[in-house]
Amino acid sequence: MFNKKFMEELFKPQDLYSKKALRTVYDRLAHASIMRLNQASMDKLYDLMTMAFKYQVLLCPRPKDILLVTFNHLDAIRDFVRDAPSILNQVDETFRQLIEVYTPLSAGEFQLIRQTLLLFFQDMHIRVSIFLKDKVQNSNGRFVLPISGPVPWGTEIPGLIRMFNHNGDEVKRTKFTTDGNYVMPQREGSFDLYGDRVLKLGTNMYSVSRPVETHMAGSSKSLASHEKENIAPNPLAKEEMNFLARLIGGLEVKEAGGNETGFRLNLFTTDEEEEHAALAGAHESPYAVISIAASQEPARQQELARILGELEVAEPRAGSAAKGDDLLALMDAL
């Protein structure tokens with residue numbers, strides 16, 4: 001991707017790519033490795049990429065911050081290849097070209113770039129689950145622009161109107177209230193090869209803890225809300241566990257605290273998380289602990305063995321699939 005000739009072509013003055021041309025370049029870049037994606041997966045990945053980039057361009061506090069977004073992308077790539085000096089040099093060379101070509105541009109030229117990019121994406125309103133969960137995207141696929149937070153670097157907090165006469169002297173001031181809660185940015189992001197970009201747009205969207213995830217190390221408030229949700233357990237849960245036990249081969253219900261035998265199922269990430277949840281719960285579970293012992297009931301074992309015997313799993317032959325055509329086939333070949 002950071003091949004010198006390829007980068008030279010990208011940096012040549014040219015018109016914006018068409019959507020078809022961009023998709024072609026993206027497909028070839030994605031398939032440059034040994035892994036292959038089918039058409040549906042590629043479509044989904046392309047939609048995620050385009051909407052994420054549209055979101056980043058749309059929410060840039062000022063047009064020049066598009067360059068900081070790009071630097072965040074390259075910082076992440078540089079971190080991936082830090083143990084490969086030759087590739088790292090290619091990424092750094094791209095960094096230097098970006099700094100040389102784009103940092104001298106005026107605010108008006110950056111505004112033209114931003115508007116050109118937004119015109120490219122204006123008809124794309126694909127819903128992305130991570131944006132919907134964070135409520136930064138509406139159900140119709142349009143993004144929600146915040147009315148609070150830090151103002152662009154070099155600007156002032158809204159709320160004051162100054163009036164000047166024909167000589168440029170200030171003659172009157174008028175204040176007004178705003179609906180947003182604005183703050184001044186602490187510092188400007190770095191446009192150097194290495195530095196703090198300050199702006200978080202362009203960094204990993206999935207690195208932020210989400211409220212939909214389960215983190216037992218959270219506050220007591222989150223534990224209390226989690227406990228409240230479990231006051232009325234789903235009555236189908238026990239039946240599902242029983243059905244799982246029958247499929248495996250046997251079912252035995254034991255009281256909590258007894259000697260555990262057989263198969264133990266833990267629905268938490270770790271044992272500590274399970275113990276923490278048990279201590280936080282104020283109510284005893286209405287169900288006993290279910291132990292699944294696959295060694296019981298020989299008749300069930302024979303039936304299960306008969307079913308498994310009917311399932312023929314053909315071993316993949318070496319060289320039967322083209323290298324990288326399918327990730328699962330590649331893993332089987334190994």
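Q: Axes are lines fitted to C-alpha atoms, for helices over the stretch in contact, and angles run from 0 to 180 degrees between N-to-C directions. With that in hand, at what angle do α4 and α5 pack?

A: A word on the source first: this is a predicted model, where local features need pLDDT of at least 70, side-chain atom pairs count only at pLDDT 80 or more, and totals for chains, interfaces and linings use all residues. Residues are numbered from 1 along each chain as its sequence is written, and side-chain values use heavy atoms, with hydrogens and water left out. The axes of α4 and α5 are 10 Å apart, and the angle is about 170°.

Q: Are α4 and α5 roughly parallel or roughly antiparallel to each other?

A: Angles under 35 degrees count as roughly parallel, over 145 as roughly antiparallel, 65 to 115 as roughly perpendicular and the rest as oblique. The angle here is about 170°. The pair is therefore roughly antiparallel.

Q: How many nonpolar residues does the contact of α4 with α5 have?

A: Contact means heavy atoms within 4.5 Å. Among the residues making it are Phe 71 and Leu 74 of α4, and Phe 95 and Leu 98 of α5. Ala, Val, Leu, Ile, Met, Phe, Trp, Tyr, Cys and Pro count as nonpolar, Asp, Glu, Lys and Arg as charged, and the others, Gly among them, as polar. Next to two polar and three charged residues, the nonpolar ones number ten.

Q: How many helices and strands does the chain have?

A: Helices (H or I, at least four residues) and strands (E, at least two) are DSSP runs, numbered from the N terminus. Counted this way, the chain has six strands and, for helices, twelve.

Q: What relative accessibility makes Thr 50 count as buried?

A: Buried means under 20% relative accessible area, exposed over 50%, and partly exposed in between (1.4 Å probe, protein chains only). Thr 50 lies in helix α3, where, neighbours within four places in sequence aside, it is in contact with Phe 121 and Met 124. Thr 50 counts as buried because its relative accessibility is 0%.

Q: How far apart in space are Arg 162 and Lys 172, C-alpha to C-alpha?

A: Arg 162 lies in strand β2 and is partly exposed, with a relative accessible area of 34%. Beyond its neighbours within four places in sequence, Arg 162 is in contact with Glu 156, Glu 170, Lys 172 and Arg 173. Arg 162 and Lys 172 are ten residues apart in sequence, while in space, C-alpha to C-alpha, the distance is 6.0 Å.

Q: What is the phi of Val 198?

A: Most residues other than glycine have a negative phi. Val 198 is found in the loop between β4 and α8, and it counts as partly exposed at 31% relative accessibility. Although Val 198 is not a glycine, its phi is positive, at about 65°.
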